[in-house]
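Student: May I request a close look at one part of this structure, with its surface and its ring contacts explained together?

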Amino acid sequence: MPIVRDDYALGRLWLALGVLGCGVLTYMCLMPNPPQPQIENFDKFEHFASFALLSGWFANLMAPRYVRVIIVMILFGAFIEVAQSFTVNRSADMHDLIADAFGVLAGVALARFGALRWLGYLDARVSAKTDQPR
């Protein structure tokens, strides 16, 4: 069984971009002095939004394996929190993990109910221009 849905001609590209997004998120979460707006608990929103985006991305690519996406993305969030506990300027926060988990659930729900259909449209357009077989 392939990892990415069969109806994406450029599924491997979209998967690689999602993995790159995870790498960028990991760097942002582990960097020593991240920029912080002066809004209380704004980092919880950042965790929620970034995990919603990435989880929605992967859920759309890997449908209907939503449970796998949920498990892997929550484990990814836990990994980031554990890794932060080993850094000098960052610390693990259970509230961040909770925000991650709610973001994962929101992103998968959005993908499940069609909020990321634009990725299929983009795939069709780009693959048509590059003559990628479906």
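**Nonpolar patch and aromatic pairs**

Tutor: Leu13, Leu17, Leu20, Val24, Tyr27 and Met28 form a nonpolar surface patch, with about 580 Å² of accessible area together (Shrake-Rupley method, 1.4 Å probe, for residues only the protein chains shown counting as cover). Patches take residues with over 30% relative accessible area and no salt bridge, joining like charges within 9 Å and nonpolar side chains (Val, Leu, Ile, Met, Phe, Trp, Tyr) within 5 Å; a salt bridge is a Lys or Arg side-chain nitrogen within 4 Å of an Asp or Glu carboxyl oxygen. The model is predicted: local features need pLDDT of at least 70, side-chain atom pairs pLDDT 80 or more, while totals for chains, interfaces and linings use all residues. Numbering starts from 1 along each chain as its sequence is written, and side-chain values use heavy atoms, without hydrogens or water.

Four aromatic pairs are counted, taking Phe, Tyr and Trp (six-membered) rings with centres within 6.5 Å, stacked under 30 degrees between planes, edge-to-face over 60 and tilted otherwise. Tryptophan 14 and tryptophan 57 pair edge-to-face, at 6.3 Å between centres and 85° between planes. Because tryptophan 14 is in helix α1 (residues 11-30) and tryptophan 57 in helix α2 (residues 42-62), this pair ties together parts 43 residues apart in sequence. Tryptophan 14 is buried at 5% relative accessible area, and tryptophan 57 is buried at 13%. Ring pairs link Trp14, Trp57 and Trp118 into a cluster.

Terms used:
Helix = DSSP H or I, 4+ residues; strand = E, 2+ residues; numbered from the N terminus. Buried < 20%, exposed > 50% of the residue type's maximum accessible area, 1.4 Å probe, protein only.
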